[in-house]
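The sequence and the structure come next.

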Amino acid sequence: MAVFSVLGALQAIGEDGPIEFGGPRQRSVLGRLLVARGQVVPVGRLISDLWRNQPPPGAAGSIQTYVSHLRRALEPQRTIRTPARLLVTVPPGYALRAEHVDAWRFEELVRQGSRRLLDGDATAAVAALEEALALWKGPAYQEFASADWALNEIARLDEVRATAVEQRASAVMALGTPGSVIADLRAHLAEHPLREEGWRLLATALYRQGRQGDALAALREARRLLAAELGVDPGPALRRLEAGILAHSPELDLPGPARTAEPDNPAAHLPLPRDLPVVLLEVSTEVPATAPAEVPATAPAEVPAAAPAAGLAEIPTAVPVAAARQEGRIRLFGRRSEVSLLLGLSEGIALVTGEAGMGKTALVEEVAAVRAGQGARVAIGRCPATRGAPPGWAWAEILRTLTTAVPPREHTAEPITRLLAAFPETAREDGSYEGGSQANEAPEERSRREGARGESFRGRRAVAAYLRDAAAEAPILLVVEDLHRADRETLDTLLDVVAETAGAALSVVCTFRQEEAGRLAGTTAALARHEPLRIGLRGLRPGAAAGLVTAVAGMPVTRPALTAVAARTGGNPFFLRETARLIAAEGEAAAPTTVPAGVRDVLAARLAVLPARVRTVLGVAAVLDAEIPGKHAGGVDLDVLAAVHGGGEDAVVDAVVDAAEEALLAGVLVEPDDGGLRFASPVLRDTVYGAMPRLRRARTHARVAAVLERLRPDEAAALAHHYALGGDPVKAARYALTAAERADLRYARRESGLTRAPGSRPVRDYASVARDRLRETQSPPTGASLL
């Protein structure tokens, strides 16, 4: 595993020695991912950060190239079929799963030193803090000092380092050796002349060395600098210290950190600044896949009989229909921890993400119903899918709901009334203002446009002021649905509302599709400073999926059917509902092979936004990703995919890998642990396969069979499958026979599905059964089975 250094020049040491990262932009990609500390950075955000909002036409392709080169440098032994372990693709971008970074180790050591100092163990505190400070070889991220994306992280690490220097000085003084920190504190203050804690420690150390005059001179210098730079007087701690020195206070002679606040203030013994919580505690709001959380009594109960571990054991033999319904409506299944987290959000913002159909709306509507029952005022605004909707429409919906219950006060009544009447007409959907081109506009037109922009700004502030006033009367929950469709006015209003209502009894929950989150990169980055609660919805676990299918179908469903549906849909609640309706209409037999019309329409729209070259590669991948007995259940071999797509030349392989990368970013493909690629769900694969014309499917199967015969000649079952669907029954029969004989030799007749009568010639019977099996292969991959 690579060890990264960012406290100074960006470097990394791998198993084979130093790693070469290439040119400046490629190094910037790595630096940007390190700054994200393991979180996903959307591709759109990377493009914006690297080219400062002026990207070239091929920026997305360049990012893919940089990532590909970085992967080869970081994991030189990895083959094309092995999933990346370090620099991974996570829709809608990339993440660096590094474990050893000197900046992270530095912060952990500072936290340890802080705890030891608070516990009174000065010796251990000094050891931890000195080890932390020794990691610095230069300014943090020094080669990216001019990059906007690095500035906040650089400033944060510098602040932690300054605090570590001061904490070390406090710990050394607690050991009774103040003289050894004087030189270090002077150097520290030369870099940070306005840090009052540094001046307090320096003056205290000088006084304990018997240098009263130097201590008072240090305090006078601090007073002069603060007045000259900031126009302020020293704070209470420095003023008390000066008075104590003049009075020869006995308290200053005591070993240990001097007090920095009133004796009755618990923070007096805390040597860290109050505005640096990262030193004491690091809290992650990411939701684990199986977060154990209790739901308040008002929240919906979980599906009974669901086992705690994922797997087939979680699916009951049959879920009672009555138990799956609640008061005449379908209950919310499998979202216990998410409901609990959102109900616990009394202020601030939550971001709920997930692919289409994952149940974002159902989740927030359930939470809204519970919060309303608890006395909160709830308002929901939706960003419309249709073009031509007025900008800011979601906030107009929210305001219309709230103002009927809480009329605006005098100072906000006029602007809110005006906004409800005219605010949606301020800007176009693309964020520009009415008036045509701005290049040759008349002065009066420019004045009108600038006035509209100013009115929009004042309107957003009025919305925030009104919401703060309303939250003083009763708690408020605001829901902004489908933020990925939001116009600029909606996003700007969201940022203003979150910033201006901080501390009020108001919470905002936003939902958006993860695969379309790239255009929200700037907004989510701005919201990061408010520490949003982030909830990423995944597919339902098998037990919850079984309950949902039974409830929607309105009839008992057998365990094998529930197992097949849960695996086929990937636990997507919308897919589960549509499949359950299919079961109710056509029976269980249709569920394993048929894509419901509603699901097909949703997935077709999702696939339509991908470039044509990516859809072409996905078509070949859908043919390859078949569940065939005798090989692993599905999966796309990248070597075979590249060969089928056009040969083994490097340019072709790179083009296929780039297309696969785009499909990974879009969440259409995933990288399983056993290598290669596969579709995110079988129903998604079947949608791609079903959209291909029959002739093209047959020709693709034939090409796949030819490539497999050359590259994977031992995969007899797969060869029989593809030759049968590719129109060559002779070869299909031959490979079906070979696969059957191999299965028979492995004593797997039951698995192969091929048997022969006692005493008969095996070749004759196998060939007969193979011919029969060939007649059953004229169906999609999920239903086709030669053996």
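## Terms and basis

Contact means heavy atoms within 4.5 Å. Helices (H or I, at least four residues) and strands (E, at least two) are DSSP runs, numbered from the N terminus. Axes are lines fitted to C-alpha atoms, for helices over the stretch in contact, and angles run from 0 to 180 degrees between N-to-C directions.

The model is predicted: local features need pLDDT of at least 70 and side-chain atom pairs count only at pLDDT 80 or more, while totals for chains, interfaces and linings use all residues. Residues are numbered from 1 along each chain as its sequence is written, and side-chain values use heavy atoms, with hydrogens and water left out.

## The parallel sheet

Five strands form an open sheet in the order β11-β12-β13-β10-β14, with parallel pairing; two strands pair if DSSP finds at least two bridges between them. The edge strands, each pairing on one side only, are β11 (377-382) and β14 (533-536). On average, neighbouring strands of this sheet are turned by 15° against each other, direction ignored.

Strand β13 (residues 506-513) has 7 of its 8 residues buried, where buried means under 20% relative accessible area, exposed over 50%, and partly exposed in between (1.4 Å probe, protein chains only). Strand β10 (residues 348-354) runs parallel to β13 and is joined to it by 7 bridges. In this pairing, G348 stands opposite S507, and T353 has F512 as its bridge partner. Strand β12 (residues 476-481) is also parallel to β13, with 5 bridges between them. Here L477 has S507 of β13 as its bridge partner.

## Helices across the sheet

Helix α13 (residues 360-373) lies across β10, β11, β12 and β13, and runs at about 165° to β12. Helix α14 (residues 393-405) lies across β11 and β12, at about 155° to β11.

Helix α4 (residues 102-118) packs against helix α5 (residues 122-133) with the axes 8 Å apart and at an angle of about 160°. The two helices are therefore roughly antiparallel, given that angles under 35 degrees count as roughly parallel, over 145 as roughly antiparallel, 65 to 115 as roughly perpendicular and the rest as oblique. The crossing of α4 and α5 is left-handed, meaning that the near helix is turned anticlockwise from the far one by less than a right angle; clockwise would be right-handed. Residues of α4 in this contact include F106, L109 and V110, and those of α5 include A125, A128 and L129. The contact of α4 with α5 divides into 10 nonpolar, 2 polar and 3 charged residues. In this count Ala, Val, Leu, Ile, Met, Phe, Trp, Tyr, Cys and Pro are nonpolar, Asp, Glu, Lys and Arg are charged, and the others, Gly among them, are polar.

The axes of α5 and helix α6 (residues 148-174) come within 9 Å and cross at roughly 150°. This pair is therefore also roughly antiparallel, and α5 passes α6 in a left-handed crossing. Among the residues that meet are V126, L129 and E130 in α5, and R161, V165 and R168 in α6. The residues of this contact divide into 10 nonpolar, 1 polar and 3 charged.

## Residue E578

E578 lies in helix α21 (residues 573-586). With a relative accessible area of 18%, E578 is buried. Leaving aside neighbours within four places in sequence, E578 is in contact with P596, G598 and V599.
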